[in-house]
Amino acid sequence: MKYFVLLLSSLSFAQTYQVINEENSSVSYRGLAFQDAKTFIVSGSKNTIGRTTDGGKTFSWINPKVVENRDFRDVEVLGKDNYLALGIDSPAYILQTKDGGKSWNKLYENNEKGIFLDVIYVDKTSKKITVLGDPMSPDKPFVLTSSITDPTKWEVAKSLHGQPLRLKNPKEAFFASSGSNLYVDGKQTLIVTGGELSNLYYYTPKGGQMYALEKTKSSTSGINGMAYDATNNVGYLVGGDFTKPEDSSYNFYKFKLTNGKIDFQDSWKYPKGYKSGVTIISKDKVLVCGYSGVDYSADGGHNWTTITQDSYNTCTVSPDKKYVILVGNKGKIGKITF
């Protein structure tokens, strides 16, 4: 296990960065979700799901027997030992376990050509489950909806909050790099795209809006990840071009939701390079990760400090806000303690 202690004198505290697991060196992890402060699950390629109940000291490795050779790009927690896992492409699956991963059942299966599911979002307040997938028709995203109370029933959504689904460009899509390009609650839904264009779509019962985001001309660029904190009304978008990991062009946006509209906030500096994941630790503390490394801001994204140049796909803060877990390629799982 590798340990790195970073003393950020200007921020008046130290952070400890550790690589806590590299057991499955041939697996790429992109799914990550917490059950509680010490229990979290990770998911990735080669039918691999991992669970820890001690904050990452030890892991139990799970290969669901109901499917074979799936890439589980996202996982979500419904309740105690109750998880969903998303197998992304044809056949696409949504699996559920109610016993911490010992047994799994298929909740959804889609064998259509071109199916590609990107992300699951669970809102425990409204009890909504939303799954976002790449377009199956040229003008709108593929969206599935269900509920925590009965996740065996899934519907293909024709609208969100009564507003029709749409995409400005038929070559817009969703990057499944971190399972974080979707936010849903009872009042609103946010969806962010990349590809030929990068747009932020905002759905509410009062209307639908689209906000164009600047990007490079490459079809491999755009926004990859999003985090929104409704309590403090602050949100962040991260991305860039994953084929140019050192390029920082258009890799960061900050926003607030005000009177049914999105207000983008100015930033002084930007994190380094391409970023795929973002997690909000508190109102002003935010951490981002990507192929170019992990950066941290303690002032709402105005200034950034690089914690490590190690590559990670996804990052999520623990429920007690004491540490962040990161997952990446080559079986790497990292931990940053605050």
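This is a predicted model: local features need pLDDT of at least 70, side-chain atom pairs count only at pLDDT 80 or more; totals for chains, interfaces and linings use all residues.

Trainee: What is the bridge partner of Tyr183 in strand 19?
Mentor: Strand 18 and strand 19 (residues 189-192) pair in the antiparallel sense, over 3 bridges. Within that pairing, the partner of Tyr183 in strand 19 is Leu190.

Trainee: There's another open sheet, with the order 7-8-9-10. Which strands stand at the edges there, and what is the average twist?
Mentor: That sheet has 4 strands as well, with antiparallel pairing. Strand 7 and strand 10 (105-110) each have a single partner strand, so they are the edges. From one strand to the next, the twist averages 15°.

Trainee: And which residue is the bridge partner of Leu84 in strand 9?
Mentor: Strand 8 (residues 82-87) and strand 9 (residues 92-97) run antiparallel and are joined by 5 bridges. The partner of Leu84 in strand 9 is Gln96.

Trainee: Which peptide bond is cis, and what is its omega?
Mentor: Look at the loop between strand 8 and strand 9, where Pro91 lies. The cis bond joins Ser90 and Pro91, with omega at about -5°.

Trainee: Asp81 and Asn259 both have a positive phi. Is Asp81 buried or exposed?
Mentor: Asp81 lies in the loop between strand 7 and strand 8, and its phi is near 60°. The cut-off for buried is under 20% relative accessible area. Asp81 has 17%, so it is buried.

Trainee: Then what about Asn259: buried or exposed?
Mentor: Asn259 lies in the loop between strand 25 (252-258) and strand 26 (261-265), with a phi of about 50° although it is not a glycine. Exposed means over 50% relative accessible area. Asn259 has 77%, so it is exposed.

Trainee: On to the largest nonpolar core. Which element gives it the largest share?
Mentor: The core has 17 residues, and Ile94, Leu117, Ile129, Val131 and Trp154 touch the most other members. Elements giving two or more residues to it are strand 8, strand 9, strand 10, strand 11, strand 12 (128-137) and strand 13 (140-147). The largest share is 3 residues, and it comes from strand 11.

Trainee: How many residues of strand 32 are buried, and which ones point each way?
Mentor: In a regular strand the side chains alternate between the two faces of the sheet. Tyr323, Ile325 and Val327 point one way from strand 32, while Val324 and Leu326 point the other way. Strand 32 (residues 323-327) is mostly covered, and the buried count is 5 of 5.

Trainee: Which residues in the turns of the hairpins that strand 32 forms have a positive phi?
Mentor: Strand 31 and strand 32 pair over 4 antiparallel bridges, with Val317 opposite Val324. Strand 32 is also joined by 5 bridges to strand 33 (residues 333-337), again antiparallel, and there Leu326 stands opposite Gly334. Each hairpin has 5 residues between its strands. In the turn between strand 31 and strand 32 the residue is Lys321, with a phi of about 65°, and in the turn between strand 32 and strand 33 it is Lys330, at about 55°.

Trainee: Last one: which residues are closest to the centre of the largest pocket?
Mentor: This pocket has a volume of about 1200 Å³. Its lining has 20 nonpolar, 13 polar and 7 charged residues, and strand 7 (72-79) and strand 23 (221-229) are among the elements that give two or more of them. Closest to the centre are Glu76, Tyr121, Val122, Tyr228 and Thr316.

Note on methods: Residues are numbered from 1 along each chain as its sequence is written. Side-chain values use heavy atoms; hydrogens and water are left out. On a 1 Å grid over the protein atoms alone, a cavity is a set of points where a 1.4 Å probe fits but cannot get out, and a pocket is an open set with protein on both sides within 12 Å along at least five of seven lines; lining residues have an atom within 4 Å of a point. Grid points are joined across faces, edges and corners, and a volume is the space filled by probe spheres set on the points. Ala, Val, Leu, Ile, Met, Phe, Trp, Tyr, Cys and Pro count as nonpolar, Asp, Glu, Lys and Arg as charged, and the others, Gly among them, as polar. Two strands pair if DSSP finds at least two bridges between them. Axes are lines fitted to C-alpha atoms, for helices over the stretch in contact, and angles run from 0 to 180 degrees between N-to-C directions. A nonpolar core is a set of buried Ala, Val, Leu, Ile, Met, Phe, Trp, Tyr and Cys residues joined through side-chain atoms within 4.5 Å. Buried means under 20% relative accessible area, exposed over 50%, partly exposed in between (1.4 Å probe, protein chains only).
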